[in-house]
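Subject: Structure handover

Hello,

Please find the structure we talked about just below. My notes follow it.

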Amino acid sequence: MDKEYFAKKLGEQFPEFHGAYEEHLEYYEELLGHVFFGGETLLGVLESLLKTNEEKEKIRRYMDFLEDMYANGDDDVQNIVGVTILENLGDDETVLRNAFTYFSEELMLASQSIEKGWGRRDIKIWHRGGRPQYDWTWPPAET
């Protein structure tokens, strides 16, 4: 599924973004996925919610949407999730730690790769009781 599909779906699933896709197209004359899903919509809301981690049901709904984008999106959509959302969530340690409590193992691994690539965190992921566990050092230990 492509970015247009997810942009429309975002407005259908989340009333606060009803009309955001049309407004974006009117302004930019095309869908700029990194801009649309970045500060204009999904990323901005997730960052704000994850700072306090108080509205867990709301965060879960947004995370389910993000998981759907990553699992079912085409290469362009997966790039938007990685480059625009996961990279930016990693800018704030509290936000990222809170995000990890919602991430599937697939998003944990994607975030792990991004954080390692940026040299920000060395995230370790393992399994206990059939569930992924994680921890990290920040900044990563020098080797």
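Here is what turned up, topic by topic.

**Ground rules.** This is a predicted model, where local features need pLDDT of at least 70, side-chain atom pairs count only at pLDDT 80 or more, and totals for chains, interfaces and linings use all residues. Residues are numbered from 1 along each chain as its sequence is written, and side-chain values use heavy atoms, with hydrogens and water left out.

**Confidence.** pLDDT is the predictor's confidence in each residue, from 0 to 100. The protein chain averages 91, and 95% of the residues score at least 70. Helix 5 has the highest mean among the elements, 97. Strand 2 (residues 131–137) has the lowest, 75. Where pLDDT is low, the predicted coordinates should not be read in detail. Helices (H or I, at least four residues) and strands (E, at least two) are DSSP runs, numbered from the N terminus.

**The core.** A nonpolar core is a set of buried Ala, Val, Leu, Ile, Met, Phe, Trp, Tyr and Cys residues joined through side-chain atoms within 4.5 Å. Buried means under 20% relative accessible area, exposed over 50%, and partly exposed in between (1.4 Å probe, protein chains only). The largest core has 40 residues. Phe 37, Leu 42, Leu 89 and Phe 103 touch the most other members. Helices 1 to 8 each supply at least two residues of this core. Helix 5 (56–72) gives the largest share, seven residues. Take Leu 42: its contacts (heavy atoms within 4.5 Å) include Phe 37, Tyr 62, Phe 65 and Ile 85, not counting residues up to four places away in sequence.

**Salt bridges.** A salt bridge is a side-chain nitrogen of Lys or Arg within 4 Å of a carboxyl oxygen of Asp or Glu. The whole structure holds nine.

- Lys 51 pairs with Asp 92, with the closest N and O atoms 3.7 Å apart. This pair links distant parts of the chain: Lys 51 sits in helix 4, and Asp 92 in the loop between helix 6 and helix 7, 41 residues apart. Asp 92 is partly exposed, at 28% relative accessible area.
- Glu 93 pairs with Arg 97 at 3.3 Å, again between the closest N and O atoms. They are about one helical turn apart, because they lie four residues from each other in helix 7. Glu 93 is partly exposed at 21%, and Arg 97 is partly exposed at 30%.
- Arg 120 meets Glu 115 at 2.9 Å, N to O. Both Arg 120 and Glu 115 are buried. Salt bridges that share partners join Asp 91, Glu 115, Arg 120 and Arg 121 into one network.

**Glu 87.** This residue lies in helix 6 (residues 75–89). Glu 87 is buried, yet has no salt bridge. The nearest side chain of opposite charge is Arg 120, 6.0 Å away (Lys and Arg count as positive, Asp and Glu as negative; His and the chain ends are not counted). A polar contact of 3.3 Å joins the side chains of Glu 87 and Trp 118. A polar contact is a pair of N or O atoms within 3.5 Å; within protein, one must be able to donate a hydrogen and the other to accept it, and residues adjacent in sequence count only if both atoms are side-chain atoms.

**Asp 122.** Asp 122 belongs to strand 1 (residues 122–128). Its side chain makes a polar contact of 3.0 Å with that of Lys 124. Asp 122 counts as partly exposed because its relative accessibility is 25%.

Best wishes
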